[in-house]
Amino acid sequence: MSHLLLSRLSDLSFRRYSLLHKTIRLFSSSSSSPCFPLSVEEKDSSGDGGMVGDVHLFDAATEGLVTVADKTIPVELVNGGIVVGASHGWLFFKDRHDHSVSMTDFYNSLALKKNATMVPMPTFTALHHCQTEVVWNVAMSTSPGQQEDEDDWVVGIKFLGNQLSFCRPRRDLRWTNVSAPFKIFNNSNLMFSKRDKTFKLPAPVGNYLCSWDIQFHKDEYPAPKLHKLLFHNLPQLPLSMWELLDSCPREDHWVESPSGESFLVKWYSRVSLSPSLSTLPIVMVFREEDRKDGIIKMCYTEDIGDICVFLSKSEAFCVPASSCPGLKPNSIYVADRVFSVYDLTTKTFNHFKYPIDAPEKISRVPCWLPPVSV
C-alpha cells in the first residue's frame, strides 16, 4: 500500500508509547477529532478490483491510534493514486499512469458507509509559462452535499507557480485557469472564506491578500481583489532575528475560526532549534482587526484563545479546543516536515509520539482531517 499513501514516516519525530487504541466499526455513531492518516492495511479483495482493509489514524486529541476496520479501498487508489491535496476531509488523488485526478471521501466517511465516493475531475490544462504537474494545495467552497444544491460546490487548485484553477466538478467539463497577479506564490496557500464567500491567497512576503469571488459567470472568473495588509504590535526582536526569519522558508496560511475571526499564520519551517534561538517565534499569528478601503489591519498575537489551527498539505482549518477534549488551546498543529503541536504562549514544539499499537509499516497522507460525525 506504499504506492497509495506516499512516503515512510521516518522524517517525523515519533517515539513509541502505549496509548488508547479505539477501533471504529462501520455505521457506528460518535464524533471524531482532527485526525492524521497513518496507514491502510490491506486484508482481502473486494471482488471488484479493489481491496478491503483497516485504516489507521492518529487522533490529535487523544494522541492515540484510531482504527477503522474493514473499509473498502477504491480500485482507483489501489492502482496507484498519489495524494496531491485535501480539503474538508476530501482527498485529491492523481493517477500515476494517465495523470487523471479524482477526489474521494475515503477518509472523511470513515464510519458512515462502507464504500467511498469517487468524483472524477476535469483534466488539468496549463496556462502559458505555467505548469500543472505539481499541485501546491487544494481548497473547496464547501464539502459536497453540505449545500442546498449539492452539485454547486467550487474547487480551487493552487499549483506550484502562478497558476490557479477553479471548477464546479458536477457542472464544469474543464477548469477555468487564472494567473495570480504576483509572481512567486510558492509559499502561499489557497483557502476559502465562508464569511466572504471568496477564495483567498496571501501574496508574497504577506503584504497583500488576494481574493476571488465565486459568484462569477460560469465561464469566467473576474480579476482578484487586492487588500493591503498593515501589521502592528510586532514582537520586539533584534534585527538579526528578523533577518534570520526572512532567510527561512515560510508558508503563509489565511484561516478563519468557526466564529468568523480571520488570522494570517506564518510558519517558518526550518528555523534553527539551538538554545540561543529558543524564544524565536517559529510560528507567528496575526489577527484581522479592521478592514476598510482595501486595507486590512493585522495585529500580532500570541493568544488565539480556545482555538487550535491545523496546518498541513490540507486546506488549513480551525477547531475550538473545547469541542474535542484533549486538544491544546492557543496552539498550532503542524504536519509536514515536522509532526507537532506548537504552543503560542511558550513558543515551543511538542513532537507527537508514535503509538506503540500502530502497525509496523507506516506510510502517511500529509493532511490533517477535520472533525466529522462518524
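My entries below go from a sheet to its strands and then to the cores.

**Ground rules.** I am working with a predicted model, where local features need pLDDT of at least 70, side-chain atom pairs count only at pLDDT 80 or more, and totals for chains, interfaces and linings use all residues. Residues are numbered from 1 along each chain as its sequence is written, and side-chain values use heavy atoms, with hydrogens and water left out.

I traced an open sheet of nine strands with mixed pairing, in the order 14-19-20-21-22-18-17-16-15. Its edges are strand 14 (188-189) and strand 15 (191-193), each pairing on one side only. For my own record, strands (E, at least two residues) and helices (H or I, at least four) are DSSP runs numbered from the N terminus, and two strands pair if DSSP finds at least two bridges between them.

**Strand 16.** I asked how many residues of strand 16 are buried. Five of the five (residues 198-202) are, so the strand is largely enclosed by the rest of the structure. Buried here means under 20% relative accessible area, exposed means over 50%, and partly exposed lies in between (1.4 Å probe, protein chains only). I checked both faces: T198, K200 and P202 are buried on one side, F199 and L201 on the other.

**Its neighbours.** Strand 15 runs antiparallel to strand 16, joined by three bridges, and F192 has F199 as its bridge partner. Four residues separate these strands in their hairpin, where K197 takes a positive phi near 60 degrees. With strand 17 (residues 208-213), strand 16 pairs in the antiparallel sense over five bridges, and here F199 stands opposite W212. That hairpin has five residues between its strands, and V205 in the turn has a positive phi of about 70 degrees.

**Strands 19 and 20.** I followed strand 19 (residues 250-256) alongside strand 20 (residues 262-268): they are antiparallel, with seven bridges. V255 stands opposite F263.

**The cores.** A nonpolar core is a set of buried Ala, Val, Leu, Ile, Met, Phe, Trp, Tyr and Cys residues joined through side-chain atoms within 4.5 Å. The largest has 30 residues, and W254, V285, I304, V309, L311 and I332 touch the most other members. Strand 20 gives the largest share, five residues. I then looked up I304: beyond its neighbours within four places in sequence, it is in contact (heavy atoms within 4.5 Å) with F263, V285, R287, V309, N330, S331, I332 and L344. Apart from this core lies another, of 21 residues, among them F58, C324, F339 and A358.
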